[in-house]
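I opened this entry to keep track of what I looked up. My notes follow in the order I made them.

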Protein chains: 2
Amino acid sequence: MSIKEKEIQEGLSRRDLIIGAGKAAAGAAILSLGALSGVKTAEAYEVASKFKYAKLDPQEVGQLAYEHYFKRWCASTVLTGLVEPLKKKVGGAWKDFPIDAYRWAHGGFAGWGALCGTLTGAGIVIGLVTNDTEIAEAMTNDLAFFYAYNELPKFTPSKIIKAEIKHMTIAGTPVCHISVGRWMRAEGVGFLTNERAERCARLAADIAMETAKMLNAWVDGKYKPKHQPLYNVVANGITSQNNCRDCHGQYVPTPNETYETLEK
Amino acid sequence: MSIKEKEIQEGLSRRDLIIGAGKAAAGAAILSLGALSGVKTAEAYEVASKFKYAKLDPQEVGQLAYEHYFKRWCASTVLTGLVEPLKKKVGGAWKDFPIDAYRWAHGGFAGWGALCGTLTGAGIVIGLVTNDTEIAEAMTNDLAFFYAYNELPKFTPSKIIKAEIKHMTIAGTPVCHISVGRWMRAEGVGFLTNERAERCARLAADIAMETAKMLNAWVDGKYKPKHQPLYNVVANGITSQNNCRDCHGQYVPTPNETYETLEK
């Protein structure tokens with residue numbers, strides 16, 4: 001079976017292949033793109049369209065996410081920031097949306113420290129309103145880049161609820177444990193402190209606001225992906241970022257190398 | 001502010017405090033439990049109850065999740081396994097449930113390798129039907145333990161779709177990159193192979209089946225959490241598992257030590 005056939009079987013979309021192949025230019029042949037069908041027809045997407053979007057005020061979204069964090073935690077508070085205004089402005093399917101049914105996503109999945117719950121909360125709204133798996137993919141990817149490679153939190157609450165905090169940090173990853181750990185080290189505080197809670201609340205506001213800004217642009221027909229999709233399955237041979245050395249020591253992989261090579 | 005007050009402000013539930021304190025017996029005082037209110041009243045939970053559960057056949061759930069993986073990927077295929085039978089058996093709110101609106105959760109969030117998408121898919125159904133944040137927390141926690149500490153995949157398809165595979169591995173974590181990487185190394189294959197796709201499809205079946213089994217027990221009033229919640233914020237001072245040395249080298253933390261100590 002050719003690489004192209006394998007790609008098709010893996011279900012990668014046309015654009016994913018273009019960009020993914022571009023990223024791995026030195027190591028992988030540029031894949032031709034005929035006969036890539038079936039992926040987007042896998043499901044009747046019109047079912048998603050019951051959740052409509054209307055432009056939101058990012059500042060209001062951020063403030064709501066910030067205020068609700070302290071009782072609802074990361075995932076559900078991002079949902080609060082986005083969904084509460086949508087309940088008012090759009091109504092419809094949003095009226096019955098159970099914001100706290102997603103609280104389990106907090107702390108990287110019930111506290112396991114994996115994916116930051118703010119991204120799960122944001123992804124849920126993005127997936128429900130964009131009604132297109134490729135747009136949702138691009139937007140969640142952009143959001144992960146925003147999360148990982150900006151100094152955060154940058155949200156400034158109109159009235160501080162828990163504590164003054166001094167630091168912004170670059171998480172370098174969407175992984176909760178590392179993200180919050182790096183901030184805690186910079187700030188010099190433990191997890192069960194008002195400062196840490198304040199940081200996660202402001203971070204939730206940042207993620208909710210960035211999501212609102214992207215969706216506002218999208219609903220105006222102006223959303224363009226900022227980053228190439230992180231399908232490093234071609235470049236790195238595995239689902240990953242490109243920060244291999246953060247965990248894999250000093251070894252520098254080249255585009256030709258596979259995960260197995262990396263691990264040896 | 002006392003530790004207890006801080007815990008309350010962090011929004012930890014009564015049971016979380018009991019068990020969390022128990023886990024950190026050597027290092028933390030057992031917290032008394034008066035006046036812990038407000039957490040479960042943060043949201044009107046009845047809105048979630050539009051999504052009802054009825055006992056499902058785990059084998060059917062697993063087979064559906066397995067078969068749909070190759071086009072829908074990890075998160076949406078677990079949703080398929082659980083939601084398609086619920087659309088038939090229960091109907092109601094499930095009829096409009098947009099299964100593929102959650103595809104962005106694949107590959108640990110749009111391919112970033114963080115939380116395995118099977119767990120996001122399962123968590124969404126658990127959160128929607130259990131209608132109680134504490135039960136959803138316990139169940140997603142049990143599911144993460146199942147995922148991390150069992151040899152998987154163990155699902156045996158009635159008819160193999162992609163490839164024979166030889167290995168089961170213990171992920172040790174719900175993190176996609178590590179989980180799939182460990183399996184790939186054992187099997188000796190790359191990511192873009194039929195074998196890897198087969199593994200993730202079977203793993204999705206396992207997670208969907210385990211979720212159905214837990215929810216079947218719950219709807220019969222027989223679900224009891226198997227594991228203590230992983231609120232290691234008390235024991236480890238951060239959202240985490242207890243496998244610190246996997247990433248933090250040979251340092252052995254004691255219950256009194258905080259994250260900052262661990263990092264020095």
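**Entry 1**

I began with Glu60(B), which is partly exposed because 15 other C-beta atoms lie within 10 Å. Being buried would take 20 or more, and being exposed 12 or fewer. I kept in mind throughout that this is a predicted model.

Next I looked up where Glu60(B) sits. Its place is helix α3 of chain B, residues 58-89. Met209(B) is 149 residues away from Glu60(B) along the chain, yet the C-alpha to C-alpha distance is 8.5 Å.

I stayed in α3 of chain B for one more residue, Trp73(B). Its phi is positive, about 65°, although Trp73(B) is not a glycine. Is Trp73(B) buried or exposed? I counted it as buried, because it has 30 C-beta neighbours inside 10 Å.

I then turned to Asn131(B), another residue with positive phi that is not glycine; the value is near 60°. Asn131(B) lies in the loop between α4 (117-130) and α5 of chain B. With 20 C-beta neighbours inside 10 Å, Asn131(B) counts as buried.

**Entry 1: α6 and α7 of chain B**

I came back to α7(B) from the side of α6(B). The axes of α6(B) and α7(B) come within 11 Å and cross at roughly 130°. I therefore listed α6(B) and α7(B) as oblique to each other. The crossing of α6(B) past α7(B) is right-handed.

Which residues make the contact? From α6(B) I listed Val180(B), Trp183(B), Met184(B) and Glu187(B). From α7(B) I listed Glu195(B), Arg196(B), Arg199(B) and Cys200(B). By class, the contact of α6(B) with α7(B) holds four nonpolar and four charged residues, with no polar ones.

**Entry 2: cis peptide bonds**

I looked up the peptide bonds next. In chain A, the bond from Leu152(A) to Pro153(A) is cis, with omega near 0°. Pro153(A) is in the loop between α5 (133-149) and α6 (176-187) of chain A. In chain B, the bond from Leu152(B) to Pro153(B) is cis, again with omega near 0°. I placed Pro153(B) in the loop between α5 (133-149) and α6 (176-187) of chain B.

**Entry 3: α5 and α7 of chain A**

I moved to a helix pair in chain A. The axes of α5(A) and helix α7 of chain A, residues 194-219, come within 11 Å. They cross at roughly 145°. α5(A) passes α7(A) in a right-handed crossing.

I wrote out the contact. On the α5(A) side are Ile135(A), Met139(A), Asp142(A), Leu143(A), Phe146(A) and Tyr147(A). On the α7(A) side are Ile207(A), Glu210(A), Thr211(A), Met214(A) and Trp218(A). The classes are eight nonpolar, one polar and two charged.

**Entry 4: chain A overall, and confidence**

I then stepped back to chain A as a whole. How many helices and strands does chain A have? I found nine helices and zero strands. Of the 264 residues in chain A, 52% are buried. I also checked contacts in chain A between residues at least 6 apart in sequence; 65% of them join residues at least 24 apart.

Last, I checked confidence. The mean pLDDT of chain A is 81, and 74% of its residues reach 70 or more. Residues 1-47 of chain A have pLDDT below 50. That stretch has 67 contacts in the model beyond near neighbours in sequence. For the model, I noted ipTM 0.81 and pTM 0.81.

Notes: Residues are numbered from 1 along each chain as its sequence is written. Chains are lettered from A and ligands numbered from 1 in the order in which they are written. This is a predicted model: local features need pLDDT of at least 70, side-chain atom pairs count only at pLDDT 80 or more; totals for chains, interfaces and linings use all residues. Helices (H or I, at least four residues) and strands (E, at least two) are DSSP runs, numbered from the N terminus. pLDDT is the predictor's confidence in each residue, from 0 to 100. Two residues are in contact if their C-beta atoms, placed from the backbone, lie within 7 Å. Axes are lines fitted to C-alpha atoms, for helices over the stretch in contact, and angles run from 0 to 180 degrees between N-to-C directions. A crossing is left-handed if the near helix is turned anticlockwise from the far one by less than a right angle, and right-handed if clockwise. Ala, Val, Leu, Ile, Met, Phe, Trp, Tyr, Cys and Pro count as nonpolar, Asp, Glu, Lys and Arg as charged, and the others, Gly among them, as polar. Angles under 35 degrees count as roughly parallel, over 145 as roughly antiparallel, 65 to 115 as roughly perpendicular and the rest as oblique.
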